[in-house]
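Welcome! Take a moment to turn the model around on your screen, and then read on for a short briefing.

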Amino acid sequence: MKYALVLLSLLASAMVNAEKLAIVGGQVHTMGEMGVLEQGTVLINNGQIEAVSQSTDIPSGYQRIDASGKVVTPGLIGAMTSLGLVEVSMSAGPVHSSVDDHAVSKTGAALDVSYAINTDATVVGVSRLEGVTSAATAIQSSGQLFHGQGAVISLDPNGDPILAPNAFMVLKVTGAAAQANGGSKAALWVAIETAFNEAKEAAIKGQSPMFRYADSWHGITSKADVKVLQEVLKGAMPLFIYADSAADIRQVIRFKARNEGLKVTLVGGVEAWRVAEELVAANISVVLDPESNLPGNFEQLGATLRNAAKLESAGGKVAIGMNTHNIRLATQHAGNAVSHGLSHEQGLAALTINPATMLGVDGKLGSLEAGKQADVVIWSGDPLEVTESAEQVIINGKMIEMTSRQDKLMKRYKAFYGANGTTPHYIR
Amino acid sequence: MKFTFKQSLAALGCAALLSGCTATANSNKTNPDNNNSDTVSSVINKDPYPSTYKPIPGKPTIITNVTVIDGVGGKIENGMVYFADGVIQAVGESLTIPSGAQVIDGKGKWLTPGIIDNHSHLGVYPAPSTRSHSDGNEMTSPVTAKVWAEHSVWPQDPGFAKALAGGVTSLQILPGSANLFGGRSVVLKNLPSRTMQDMKFPDAPYGVKMACGENPKRVYGQKGGPMTRMGNVAGYRQAFANALDYKRAWDKYEQEVAQGKSPKPPKRDLNMDSLAGILSGDILVHMHCYRADEMVVMMDVMKEFGYQIGTFHHAVEAYKIADKLAENNVCSAMWADWWGFKMEAYDGIRENIPMVHNAGACAIVHSDSKIGIQRLNQEAAKAWSDGVRAGFDISKEEAWIWLSANPAKSLGVFDKTGSIETGKQADLVLWNGDPFSTYTKAEKVFIDGGLAFDLNKPDTWPVSDFELGQTVEGEGK
């Protein structure tokens, strides 16, 4: 086992720039129509998955990676993070995941995180090492009505990190959001309706809506907000809505029913299980934290470890992974959802294909299928087991160097004790 | 009843008049570890809020065919454990089954000591976390050693029952970390009850929460200070200098009382009571501290004033100074993998716990979280496997020391609980598999030999008053 590990890491360092890879012999969770292959082969060529099969014949020119006894999955997708927007969140910065009011956007809808992404942030390297290859990233803290446009980013250490700018819109209808928007949900929802109605009106008014809008406009939205909200109304930009209580979730369902074009995903959804059937009927999936089983407030009295399992039983889909510095723990969270009734395969789907679908990037990410971006992880065993780990991460078809700042700190101090602490200085 | 009433009167007299009380007047209420009659605490009632804890009745029970992790580094593959009268009676590979004992077949299951979390805010930051419930941090002055967490504990916090389902049998409730001295801690047995006193761990010593680094700076920087780390250290030093004076004055007073004189008692100061308790060794120090260099400074402050730091909490950089922590006999209570949320947590690594352990220092897995406390076995499992991957040769049975024996030592209760050894309190968890797996759950949790949680009987799971009649009456409904 250890020998295989060493071999694997040797291969990894030697072949970082290999263009053609063949991952052979692993238990492959395709998360696609092929399901699970007990001993599968994944061919990677030029950054893409070329083929997934049970064939053991490897065409010439492919670097062979032996994954026998290991588990192969698509790269994990952080379902709701601030990766790339945050370095050190408290009292140190930089932090672009919280915003102050600014005249550029009256409602916050126009805010666009794709301008703020920096994948050199330490947390990106640390998360990548543990199998997170892409993520939805968005503003988490704002007093405005909308939290603005999130992006889907790649954790690829090379190249452009933005996979999809303006990928989704974030809105919160929780009690905390109401506090910041009129102090009551009676005000919050009217503001939401008004903002969307303004976007509809501007769209209806003639061939050049923006001109008409600019001529005589006295709405609560700014021009930039209207433009973005029109994309949301068309369903071109998915709308991620935070709500926890069954009462608020029902409002979300009704809101979607009134605006048929909307593509809605529920976020948080602590009491989603109570309205599971309605959510499924409305085609609304849920990003949730399956370990959230204590009420943070009176909107979460129905908190239960069985939330994900109950949604699955009703035919719903969930994504798991709401964190930034420890998005790498999404595997543990999914494991705990599985130990409370979620199927293992949906536990993996909650980290891969489900968030990809919710974000509208499932054509490119989330499964091991020909033509998709080659984001692949080779695990030492079941990824949902806390004692297993990512042994090799492949992003965009390239094996990444399996090291991080944390890894270097560990090795430095391990060496220090190994030398019996002979020199406490760090002169090199 | 009458007797108790008279005793309380005597105690009241002591507290009110602080004279004429002999060391024995309150000796029934003082820590048995403390036989030092010339400390300040001999005339001040050290235990004015005594434990009224009563174990739930248990049956004499023997668990057979079970994988035993004893919590002090030992493992029996196919062992037996017998407990009765709240106490572990026998442990071994093969025991004679006592007549009348309930037999539990532990085939395929693991038995461990109950998990002890030495860093919890359950009850003081309960769920729901409304402002009305926010009672964990007396952010009014940098030195509030006078406040006692037990006076904030809301025993109806649904979090206690959730922690119980995770195998937590004892826990320390700490004040927050805004202050240099945040106040006294309380150790509880995790049997959710009507009152804090009904949960209070009998004869556990008090602790005092102290805090290094960013938090006091941030909270007091614009409120009169401290606003720097050097300001923090000046704050601890001045407080301990004052406490030395206070202790001297009380020692002198007690000496004169003992000599039959009638001296005027020094003025009582509740902050100083707690600090003098630290100096005399009656009260254990639990210090929130992240950075390696700061911990080393604090160990010098400790020597300067002649007290002992029991445990650094969080200790995200403990791996950098594990040798010094071992030398100074200071424990580190750590997370498996929390890091980066603030600058002093920036150098957090996954191998922190195993590296501290490997250096021969006392390593503890703690939660500081109402969610994390529910699966501390998984936290230990992560730290263990990260350590093994990094080349540290640690067994699972050694790793369990982080969850039971070491936290028990950190809380001063290792003579009572924290291991599966004859004579110890029967605080035990029967797991339905290997507790180092995500999928394993606590099947039965015993506290003092009484069955406190049974995974397979959801109707018996505790439901707090708060949950009653709500959407979810505990996970069981």
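**A helix and its chain**

Helix 10 of chain B (residues 376–389) has 14 residues and reaches 20 Å from its first C-alpha to its last, close to the 20 Å expected at 1.5 Å a residue. That expected span is 1.5 Å times one less than the number of residues. Helices here are DSSP runs of H or I with at least four residues, strands are runs of E with at least two, and both are numbered from the N terminus.

Please keep in mind that this is a predicted model, where local features need pLDDT of at least 70, side-chain atom pairs count only at pLDDT 80 or more, and totals for chains, interfaces and linings use all residues. Residues are numbered from 1 along each chain as its sequence is written, chains are lettered from A and ligands numbered from 1 in the order in which they are written, and side-chain values use heavy atoms, leaving out hydrogens and water.

**Around helix 10**
- Helix 10 of chain B is largely enclosed by the rest of the structure, because 12 of its 14 residues are buried (under 20% relative accessible area, with a 1.4 Å probe and protein chains only).
- Among the buried residues are Leu376(B), Trp384(B) and Gly387(B).
- After helix 10 of chain B comes Gly391(B), with a positive phi near 100°.

**Chain B as a whole**
- Chain B holds 12 helices and 16 strands.
- Of its 477 residues, 61% are buried.
- The C-alpha atoms of chain B fill a box of roughly 65 × 60 × 45 Å along the principal axes.

Technical notes. Buried < 20%, exposed > 50% of the residue type's maximum accessible area, 1.4 Å probe, protein only.
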